[in-house]
Amino acid sequence: MKIETLALGPRDWVPNNPTLPVLIYRQAVTDAMDVAAAFEQRFHDNGWVDCWRNGIFSYQHYHTQAHEVLGVALGHARLVIGGPGGCEIVLASGDCIVLPAGTGHCRMEASGDFLVIGAYPPNQHADINTQAPSAQDLERMLNVPLPSADPVAGEGGPLMTAWRSGK
């Protein structure tokens with residue numbers, strides 16, 4: 001598994017997270033017959049809950065009340081991370097991305113079979129924001145608690161190191 005990090009500042013109307021980087025896990029799941037079930041199990045085992053199966057919205061949005069993990073179970077997609085004009089990335093089956101609260105994201109294109117497994121740390125809920133944040137939204141975003149474990153690799157995973165050093 002290869003880990004990439006992406007530090008983002010505010011862009012256009014999207015706040016992004018000034019202290020926590022986005023983490024991209026290349027080939028986080030490689031040996032499962034059912035990649036969706038493997039992501040669900042791994043997220044659950046590491047305390048990331050409220051798993052769902054779907055896609056990624058085709059419009060820019062961000063969450064002020066939750067960090068989000070997205071594991072690609074099937075297909076591939078091109079995403080823009082960080083708001084309008086942000087960083088383009090391609091994710092394929094087995095890849096995973098962790099978005100800290102405030103990080104803009106949207107799907108630009110995807111294969112017909114594209115399927116994502118998403119989850120959140122306990123007691124966090126993904127509000128959908130499509131406009132500039134208020135001062136209250138920014139404060140809420142900056143105070144979303146850090147998770148107790150990396151959704152892919154558990155308590156000692158790369159997220160814990162990257163995010164604890166960022167706070």
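Modeller: The largest cavity holds about 30 Å³, where a volume is the space filled by probe spheres set on grid points joined across faces, edges and corners. On a 1 Å grid over the protein atoms alone, a cavity is a set of points where a 1.4 Å probe fits but cannot get out, while a pocket is an open set with protein on both sides within 12 Å along at least five of seven lines; lining residues have an atom within 4 Å of a point. This is a predicted model, in which local features need pLDDT of at least 70 and side-chain atom pairs count only at pLDDT 80 or more, while totals for chains, interfaces and linings use all residues. Residues are numbered from 1 along each chain as its sequence is written, and side-chain values use heavy atoms, with hydrogens and water left out.

Searching the whole structure turns up one cavity of 30 Å³ or more. Among the residues lining the largest cavity are His 63, Glu 68, Leu 99 and His 105. By class, this lining has four nonpolar, five polar and one charged residues. Here Ala, Val, Leu, Ile, Met, Phe, Trp, Tyr, Cys and Pro count as nonpolar, Asp, Glu, Lys and Arg as charged, and the others, Gly among them, as polar.

Now for the open space: the largest pocket contains about 170 Å³. Its lining has 13 residues, and Trp 52, Gly 55, Phe 57, His 61 and Glu 68 lie nearest the centre. Glu 68 also lines the largest cavity.
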